[in-house]
Amino acid sequence: MLEKAFQGFLDNLKVRNPRQLILINPQLIPEEFFDLSVARRGGYYAYPPMGLVYIAAVAKQINPQIDVKILDLNYELLRHSKSENFSYRYWQNLLVEAIEKCDAPHVGISYMFGTTKPSFTEVSRFVRKNFPHVPVLTGGVQASYDYKELLESNLCDIVFRKEGEMPFKVFLESCISGQAVDVPRGTCFNLDGTYYELGEPQDEAPIDWDIRSVYSLINIEEYHKFGSLGAFSKYNGEEKSFATVLGNRGCRARCTFCTVRDFNGFGIRQRTVESVIDEIKYLVRERGINQIDWLDDDLLWNPQRAVDLFKGLATEIPELEWLCSNGLIAVAISEEIMEWMVKSGMKAFKIGIESGNDEMLHAIKKPTTKPKLREKKKLFKKYPEVLVSANFILGFPKETFGQMMDTYNFARELDFDWSSFYICQPLKGTEMFSAFQELGDDRCEEERYDKTLNPGRSAARGEFGYSFQSSEDTLRKGKDVFNLPLDTIPNNEQLKEIWFTFNLVANFLNNPNFAPGGNPAKIVKWLLAIHSGYPYDASMSAALVRGYKLLNNQEKATYYREKFKSLVDDSPYWQRRVKEFPELLLMAEASAANQILQNV
Ligand code: B12
Ligand code: SF4
């Protein structure tokens, strides 16, 4: 029955057997949020579209004659931002140019994040309108959960839910042979007004695809020139090229706020150590890549494999440097693993802690405990040259302010180089999504770029938090946040203020590297790495003054002091923040700017 439906779908395709496959990564930032000055400073994400690289490898394996193109519109737009005649609509020209050259194309578009819904929709509509005869295929994390809506809105012909390689292989083989060779499990499509869902993708799908030859489809050595994979790649050297590598798929844990378990399935699938090393060798020796960042969700799942991998990297590619911005599971880091991670070139890593409240850790099913993390702190401190950043989440469903304070206090106690606080996001495909829905949280309603409450790249001009609107008077702000009753469950607006205060006090005013025995050079390097994404953030300039003073670099300290003053001068938002936290003036040694406060 499903096979018959799939056959019917194939028969209806306007292009039955594609001679060209154009794979598109839409731009991450919608036009209304795109800030040219941030783009020009390389402050946005420019990341290799690895999902499309894997799909391209499958296509080439199934049909070596097929002409595959990866059109990374995000990268292209950032590259174009350096030009004097910048136009956001440039991506449309690229798309037209690419599709017009084809005589029998299929177009595949990634839809990874809820935040990229506007960009995905715009690109897809553009293809539909201008090339109505071209079949549109879609896949990615968010597409896996929004598939009905995508089909109903006619944004695509078929959705590949979850991991795409195996269903795409079946799809392409069927296109080539003209008849369904099998059912592409995990796909969904519309046939004559009926929506067909062809089950879940197969369990334990193979992952050892050799992607080296399809790297010719992207300018991997150029990505670092136009953005970064977050601050880590910048931290280790903005001038250093980076690539991303995926060694394992899946995760041992099943944290209730994360989609990985649902998306990648239960077991953990590991590539052979040799194939991972060969891929990295290719990237480093043949493409001039200086540093890699792991995409793995559970890199250390198998301790022996992890040690073998790092030993192999240390001996075979001694020049390699690496980062783990996606995070490691802290309790999995043994003395031996830590030693070999550092010997194989690890410069910085994140760990996911999420909460400092025992009940909450249990409720969110985080595979960690506070005593174990205290032990790990001692281990990490043995390697002061390595940057350690910990992730914490605030605002779980029904989380009280008292529980958030436990998180704040634990972050301060652990004293890592950086504590990344995030506001919990309800993600489709997670256990927590329905808890948020039951609470009527409006973030569950519509996917949009600025729906995240996090002050990430979406925060306009670094001005995160209250917007001087009516609700502000009832909010506790600045240090007054600490006076919130412990049993309060803060609303979304109050959460933003809590985020601001925790972040400012823990990371800026009291960063452990500013204290005696700290490492000011490390924190200055880190602040510079994040600064390009937040050029209007006055607290960053203030912290850079403090850092450069500790490094006895008067010239740089003066530069950032002047920058701090002009940012505060120009922004009523920062004037109010300075009033809440006069420590910022002390930090920036900008007491001369005190008259600013009189204007507030
Ligand atoms: C690396 C990464 C990033 C990188 C780069 C993203 C990238 N390369 O796409 C960066 C740092 C930019 C990033 C940012 C964010 N991320 Co992120 N990220 C990841 C991570 C760790 C790996 C993604 C990856 O490369 N996977 C490996 C490749 C091979 O798989 P893939 O891309 O999924 O592609 C496969 C399928 O999706 C499918 N497929 C994809 N596209 C297509 C297209 C076609 C035509 C077909 C047929 C198939 C197909 O086939 C591919 C092969 O199997 C995932 C977690 C995970 N394990 O997936 C989270 C993840 C994707 N991120 C997530 C989130 C929430 C975010 C942020 C919103 C976080 C934030 N608050 O800012 C931001 C979004 C950006 C922004 N702010 O606007 C969520 C997405 C959930 C959601 N529905 O939104 C994930 C799943 C993690 C989680 N917590 O659950 N992220
Ligand atoms: S440990 Fe990380 S990747 Fe694994 S389920 Fe938890 S949040 Fe997701």
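Is Phe 171 buried or exposed? In this predicted model, Phe 171 is buried, with a relative accessible area of 1%, and its ring takes part in an aromatic pair with Phe 160. That pair is edge-to-face, with 5.6 Å from centre to centre and 85° between the planes. Because Phe 160 lies in strand 5 and Phe 171 in helix 9, the pair ties together parts that are eleven residues apart in sequence. Phe 160 is likewise assigned to the buried class, at a relative accessible area of 5%.

The structure holds 35 aromatic pairs, and another of them is formed by Tyr 408 and Phe 482, whose rings are tilted, at 5.2 Å centre to centre and 55° between the planes. This pair links distant parts of the chain, since Tyr 408 belongs to helix 17 (residues 401-414), whereas Phe 482 is found in the loop between helix 18 (431-438) and helix 19 (492-509), 74 residues apart. Tyr 408 is buried, with a relative accessible area of 6%, while Phe 482 counts as partly exposed, at 27% relative accessibility. Both residues belong to one aromatic cluster, which is formed by Phe 392, Phe 401, Tyr 408, Phe 421, Phe 482 and Phe 502.

The loop between strand 5 (158-160) and helix 9 (165-177) carries Glu 163, a residue that is buried, with a relative accessible area of 10%. The side chain of Glu 163 makes a polar contact of 2.8 Å with that of Asn 264, and a polar contact of 2.7 Å with the side chain of Arg 269. With residues up to four places away in sequence left out of account, Glu 163 touches Pro 201, Ile 207, Arg 249, Phe 263, Asn 264 and Arg 269.

At the level of the whole chain, the domain assignment gives domain 1 (2-197), domain 2 (228-450) and domain 3 (537-599). The centres of domain 2 and domain 3, taken over C-alpha atoms, are separated by 33 Å. The shell around ligand 1 draws at least three residues from each of domain 1 and domain 2.

Around ligand 1 there are 37 residues, of which Ser 110, Gln 142, Glu 165, Thr 259 and Asp 297 come nearest. By residue class, this shell divides into 20 nonpolar, twelve polar and five charged residues. A nitrogen atom of ligand 1 is placed 2.4 Å from an N or O atom in the side chain of Asp 297, and a nitrogen atom of the ligand is 2.8 Å from an N or O atom in the side chain of Gln 425. On the backbone side, an oxygen atom of ligand 1 is 3.2 Å from a polar atom of Gly 114. Two or more residues are given to the shell by each of helix 3 (50-62), strand 3 (105-110), strand 4 (136-139), helix 7 (141-145) and helix 11 (260-264), with helix 3 giving the most, namely four residues.

Ligand 2 is surrounded by Cys 251, Ala 253, Cys 255, Phe 257, Cys 258, Asp 297, Ile 329 and Lys 366. The residues of this shell divide into six nonpolar, no polar and two charged.

Key: Residues are numbered from 1 along each chain as its sequence is written. Chains are lettered from A and ligands numbered from 1 in the order in which they are written. This is a predicted model: local features need pLDDT of at least 70, side-chain atom pairs count only at pLDDT 80 or more; totals for chains, interfaces and linings use all residues. Side-chain values use heavy atoms; hydrogens and water are left out. A residue is near a molecule or strand if one of its heavy atoms lies within 4 Å of it. A polar contact is a pair of N or O atoms within 3.5 Å; within protein, one must be able to donate a hydrogen and the other to accept it, and residues adjacent in sequence count only if both atoms are side-chain atoms. Ala, Val, Leu, Ile, Met, Phe, Trp, Tyr, Cys and Pro count as nonpolar, Asp, Glu, Lys and Arg as charged, and the others, Gly among them, as polar. Domain bounds come from an automatic or database domain assignment. Buried means under 20% relative accessible area, exposed over 50%, partly exposed in between (1.4 Å probe, protein chains only). Contact means heavy atoms within 4.5 Å. Rings of Phe, Tyr and Trp (its six-membered ring) pair if their centres lie within 6.5 Å; planes under 30 degrees apart count as stacked, over 60 as edge-to-face and the rest as tilted.
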